[in-house]
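Subject: Structure handover

Hello,

Here is the structure I promised to pass on. Please open it first, then read the notes below it.

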Amino acid sequence: MSDSHNKKALLSGFWYTSSNILVKSLAFITTPIFTRLLTQEEYGAFSNYASWASIFVILTTLNTESTLISAKFDYKDRLNQYVLSILSLSTFSTLIWMLFSSIFISNVSEILNLRPVYVELIFLYCIFSAAIHIFQINERFRYEYKKSVAVALSLALLTTILSVLLVIGMENRLTGRILGNVLPAVTIGAVLYIIIIFKGKRIDFGAWKYALKICVPYIPHLLSLTLLHSIDRIMIMDVCGKVDTAIYSVAFVIGTIITTFGSSINQAFSPWLGDKLNLCQFDDIRKISKYYIGIFTVFVLGIILLAPEIILLFGGKQYSDSIYVLLPIALGCIMQFIYTLFVNVEQFKKKTVWMAIASVVAAGKKYFL
């Protein structure tokens, strides 16, 4: 791999990491705004909607973009056609789920504790968010960071601005908040959907079989990560009560920031890793991985050293006990970050079955032990 290629990968990685952190930062910055514009009931209802949306995105779209790390090489000469194929697979799967839920809409609405119209909006969001994710990841593996960064920033800004305007302008502020989240994804996703169709030209149904073998075993892995990120607060609420849950939650927010940084640099690192694995340049992987893990570890240690000041900034003196919770959370983030390094390799090697089993076992241990 040439020096110019490495420089391109480094530049691409820098912009991916920076833009992802900026996009995630908007969510943290706007949280105080929406907690003031919405009542506690409305804010809680939207949180419930967002939680279910994140789960349904995994289930309905099949997370087909995860196959691109290997398809980049297996479908090298017809990658655009492959991208269209997996997008059509995601859409087909989502429509099946949507049809099934519409038949039992009253039961689904009751189980999810959401109005039927909000359930339908989740499926609409899933269809077009899949187009966004697939487009961005495809551009990332090409090291064409400009388009992906532009899409990410446009979506984040449009979602933020529209959400605020709709919450202020609509009588039903919860509906305004949800529409502010869905409409930008539908608008940008529709444009990208057309672009992918234009480039791909036709669907290769053989690619469906290829993708399903990789992405279906990956679904339990993603769902188990969702469980790992939420079950702790549920257990603390049941065992210790609301006060301890609040203290833990402040530290957990900081842990989310750490995880965001880790996932951002992993998104930048994984395309380079895929290229190196394809060329069997394992010495380069070992060398760079040390720096890759080291940079993240230094970042986390910096957070730990500044824990008292950070806790004071986020929660105030009443949350000072969160300092003791932050240390294990931060160390857990380091372990999870190292784990993602092996996830990338397993995705490339199409060994997601073992990855899924390991994730489910980890989630089960956390819940039952």
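Helices here are DSSP runs of H or I with at least four residues, numbered from the N terminus. By that rule, L62 lies in the loop between α2 (40-61) and α3 (68-74). Please keep in mind that this is a predicted model.

**Overall fold**

The protein chain has 14 helices and 0 strands. Read along the sequence, the pattern is α-α-α-α-α-α-α-α-α-α-α-α-α-α. The chain has 369 residues, and 48% of them count as buried. Take the contacts between residues at least 6 apart in sequence: 80% of these join residues at least 24 apart. The chain exposes about 18900 Å². Carbon and sulfur atoms supply 69% of that area.

**The core**

Which residues touch the most other members of the largest nonpolar core? They are Y49, L68, Y82, I178 and F296, out of 87 residues in that core. Helix α6 (residues 116-141) gives the largest share, with 16 residues.

L68 deserves a look. Leaving out residues up to four places away in sequence, L68 touches L79, Y82, V83, I86, I134, I137, N138 and F141. Y82, one of these partners, is also on the list of residues that touch the most other core members.

**Aromatic pairs**

There are 14 aromatic pairs in the structure. One of them joins Y82 and Y210. Their ring centres are 5.7 Å apart, with 85° between the planes, and the pair is edge-to-face. This pair links distant parts of the chain. Y82 sits in helix α4 and Y210 in helix α9 (residues 205-239), 128 residues apart. Are the two tyrosines, Y82 and Y210, buried or exposed? Both are buried.

F261 and F296 make another pair. Their ring centres are 6.1 Å apart and their planes meet at 10°, so this pair is stacked. Again the pair links distant parts of the chain. F261 is in helix α10 (residues 242-278), F296 is in helix α11 (residues 282-305), and 35 residues separate them. F261 counts as buried because its relative accessibility is 16%. F296 has 1%, so it counts as buried too. F261 and F296 also belong to one aromatic cluster, together with Y292, F299 and F337.

Neighbours within four places in sequence aside, T94 is in contact with T60, T61, F123, C126 and I127.

I103 is also found in helix α4, which covers residues 79-103. This residue counts as exposed because its relative accessibility is 58%. I103 is part of a nonpolar surface patch with L99, F100 and F104. Together the four have about 430 Å² of accessible area.

**Salt bridges**

How many salt bridges are there? The count comes to 2.

In one, the side chains of D204 and R78 meet at 2.8 Å, N to O. This bridge links distant parts of the chain. D204 is in the loop between α8 and α9, and R78 is in the loop between α3 and α4, 126 residues apart. D204 counts as buried because its relative accessibility is 16%. R78 has 39%, so it counts as partly exposed.

In the other, the side chains of R286 and D283 meet at 2.9 Å, N to O. They are 3 residues apart in helix α11, so about one helical turn separates them. R286 counts as exposed because it has 52% relative accessibility. D283 has 60%, so it counts as exposed as well.

Most residues other than glycine have a negative phi. Back to L62, then: its phi is near 65°, a positive value, and it is not a glycine. L62 counts as buried because its relative accessibility is 11%.

K201 also has a positive phi, about 70°, although it is not a glycine. It is found in the loop between α8 (173-200) and α9. Why does K201 count as exposed? Its relative accessibility is 69%, and the cut-off for exposed is over 50%.

Best wishes

Methods: Residues numbered from 1 in each chain as written. Heavy atoms only, no water. Patch = residues over 30% accessible without salt bridge, like charges linked within 9 Å, V, L, I, M, F, W, Y side chains within 5 Å. Areas by Shrake-Rupley, 256 points an atom, 1.4 Å probe, with all protein chains shown as cover. Helix = DSSP H or I, 4+ residues; strand = E, 2+ residues; numbered from the N terminus. Buried < 20%, exposed > 50% of the residue type's maximum accessible area, 1.4 Å probe, protein only. Core = buried A, V, L, I, M, F, W, Y, C linked by side-chain atoms within 4.5 Å. Contact = heavy atoms within 4.5 Å. Phe/Tyr/Trp six-rings, centres within 6.5 Å; stacked < 30°, edge-to-face > 60°.
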